[in-house]
Amino acid sequence: LFAYHQKVVETQAFDPSVSLLILLIVVIGGVTSLPGAMLGAAWIGVLRYGGFSPQVQSLASGVGVLLLLWVLPGGLAQAFYGIRDSLLRWVAERQGIVVPSLVADAQAPADVSVMLAEGSEKPIVPAAMVSAVVCPVCGDAVAVAEVAAHEHFEPVPS
């Protein structure tokens, strides 16, 4: 469309340094997110047009990008999302809210009631936290691994 609009194709219109700069912006910001690309553009813009010395501007060069990606492999978006998640964890912890996606690497203690069934006072506990069940007939605690062998439980064919 650009060539049609200009009625001619010239090599000066397609400078390779512009393509490399755009690639650099995306890589610095983080290739997996739109906010990352915007952070990369802001980073390059501040370094280029912020009145910094050539030494500081070299942070936008290949060596500077390699150092940045060595520290933050996900680009600036990794730092942004890490700070955001830390802040959300702090707020959730302070308010006593359990957010599974923020604490996926930590387990809740076994004595915590996850939720109550409607109209019941018995807690619903995730299966991963259960090590035994109580037989409704004899009242014995039966290990989950031994439920199929217990006389009052009947295995259901799958």
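**Group meeting: helix packing and cysteines in a predicted model**

Good morning. In the protein chain, 25% of the contacts with a separation of 6 or more are between residues 24 or more positions apart, where contact means heavy atoms within 4.5 Å. This is a predicted model, in which local features need pLDDT of at least 70, side-chain atom pairs count only at pLDDT 80 or more, and totals for chains, interfaces and linings use all residues. Residues are numbered from 1 along each chain as its sequence is written, and side-chain values use heavy atoms, with hydrogens and water left out.

The protein chain holds 6 helices and 4 strands, both taken as DSSP runs numbered from the N terminus (helices H or I, at least four residues; strands E, at least two). Read from the N terminus, the order is α-α-α-α-α-α-β-β-β-β.

Of the 158 residues, 14% are buried. Here buried means under 20% relative accessible area, exposed over 50%, and partly exposed in between.

I come now to helix α5, residues 62-71. Which residues of α5 are buried? They are G64, V65 and L68. These residues lie on the same side of α5, because they cover an arc of only 100 degrees around the axis, the arc being that of the directions from the helix axis to the C-beta atoms. In general, an α-helix has 3.6 residues a turn, so residues three or four places apart point the same way. The face of α5 turned away from the buried side carries the exposed residues V63, L66 and W70. The cover over the buried residues of α5 includes α2 (16-29) and α6 (76-95).

Helix α6 also meets α3, residues 34-49: the two axes come within 8 Å and cross at roughly 115 degrees. Axes are lines fitted to C-alpha atoms, for helices over the stretch in contact, and angles run from 0 to 180 degrees between N-to-C directions. On the α3 side, P35, G36, L39, G40 and W43 take part, meeting L76, A77, F80 and Y81 of α6.

Finally, the cysteines. With a disulfide defined as a pair of cysteine sulfur atoms within 2.5 Å, the count is 0. C135 is in no disulfide, and its nearest cysteine sulfur, that of C138, is 3.5 Å away. C135 is buried, at 2% relative accessible area, whereas C138 is partly exposed, at 33%.

Terms used
Buried < 20%, exposed > 50% of the residue type's maximum accessible area, 1.4 Å probe, protein only.
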